[in-house]
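Here are a few notes to read alongside the model.

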Amino acid sequence: MTQQASSDTTLPRRPYGGVLAVQIIALVLLIGASLLGQFALFLEVPLCVVAMVAFTVFWPFRGTWIDRMLGVLAGLVSFVFAFNALGSGVLYPPLHTTGKLAVAAGPLIRWACVYVFLLAAFTVIGFARQMAREQRTDLVRSLSQSLTGVVAMASMPSWLFIVVAASTHPFGGARFWAADAVCVVALALVVLMVVASRYWLKDFDPDPAVPTPWIGIALLPVMLLGLVAFAATLALLLCQFGMAG
């Protein structure tokens, strides 16, 4: 009974209205910033950093400080390589190609390789940490929550690539319908993730010591939607350069 009462006292701290407001504001800022031309990337960068810092502070999962630090490390590495891919590209091997699609999509493909490597590396680290525990209670939950935090943090920098989508012109050709389809699918996924967060809010089990962890739950789908923005950008590049004529 005491445990149930303690759980019930957390319910007022799970306002779906607040979650929805955070998500709408974050998405409007991230998408709106991409439309500001040459200043877009310089606005996307602080937005991504603020989101990752807020997610770390309002961590919506149970776990130790190591779980947060792993998330921060994954996010930092992902961010550095994403920003560099859109800039000088010195962290990557040279790209020997002259094709328009390859040149335009090169930064995205390069970062995608880093992202896959990060997921593989942190999955191995996660399993190793769980196997090293003396008491392996709630092993699956602990592992899944830790990896979810890592994936969210590593995915947030993929929002930077939306500035590439804003500079494309895939809607003027004979096959503009493909670009329209990409936008419709991306919008549907955004709505789906926002709706899903309502159920995550009901089921999530945060650390009681974390202040307002519902903010972390609000940011979780926004961060994961960076992958949707990334995929949509890649698809729009394909519509423009790969479906010409």
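1. A word on confidence first: pLDDT is the predictor's confidence in each residue, on a scale from 0 to 100. Helices (H or I, at least four residues) and strands (E, at least two) are DSSP runs numbered from the N terminus. Among the elements of the protein, helix α3 (residues 40-57) has the highest mean pLDDT, 95, and helix α1 (residues 2-8) the lowest, 40.

2. Some ground rules: this is a predicted model, in which local features need pLDDT of at least 70 and side-chain atom pairs count only at pLDDT 80 or more, while totals for chains, interfaces and linings use all residues. Residues are numbered from 1 along each chain as its sequence is written, and side-chain values use heavy atoms, leaving out hydrogens and water.

3. The protein averages a pLDDT of 85, and 87% of the residues score at least 70. Where pLDDT is low, the predicted coordinates should not be read in detail.

4. How many salt bridges does a search of the whole structure find? There is 1, counting a side-chain nitrogen of Lys or Arg within 4 Å of a carboxyl oxygen of Asp or Glu. R129 pairs with D67, and their closest N and O atoms are 2.8 Å apart. The pair links distant parts of the chain, with R129 in helix α5 and D67 in helix α4, 62 residues apart. On relative accessible area (1.4 Å probe, protein chains only), buried means under 20%, exposed over 50% and partly exposed in between. D67 is buried because its relative accessibility is 7%, whereas R129, at 24%, counts as partly exposed.

5. Q23 sits in helix α2 (residues 16-33) and is buried, since its relative accessibility is 1%. Its side chain makes a polar contact with the side chain of S197 at 3.0 Å; such a contact is a pair of N or O atoms within 3.5 Å, and within protein one must be able to donate a hydrogen and the other to accept it, with residues adjacent in sequence counting only if both atoms are side-chain atoms. Leaving aside residues up to four places away in sequence, Q23 also touches others, including V194, I217 and P221.

6. L86 lies in helix α4 and is partly exposed, because its relative accessible area is 23%. L86 and V163 are 77 residues apart in sequence, with their C-alpha atoms 9.5 Å apart in space. Beyond four places in sequence, the residues that L86 touches include V163, L41 and P107.

Key: Contact = heavy atoms within 4.5 Å.
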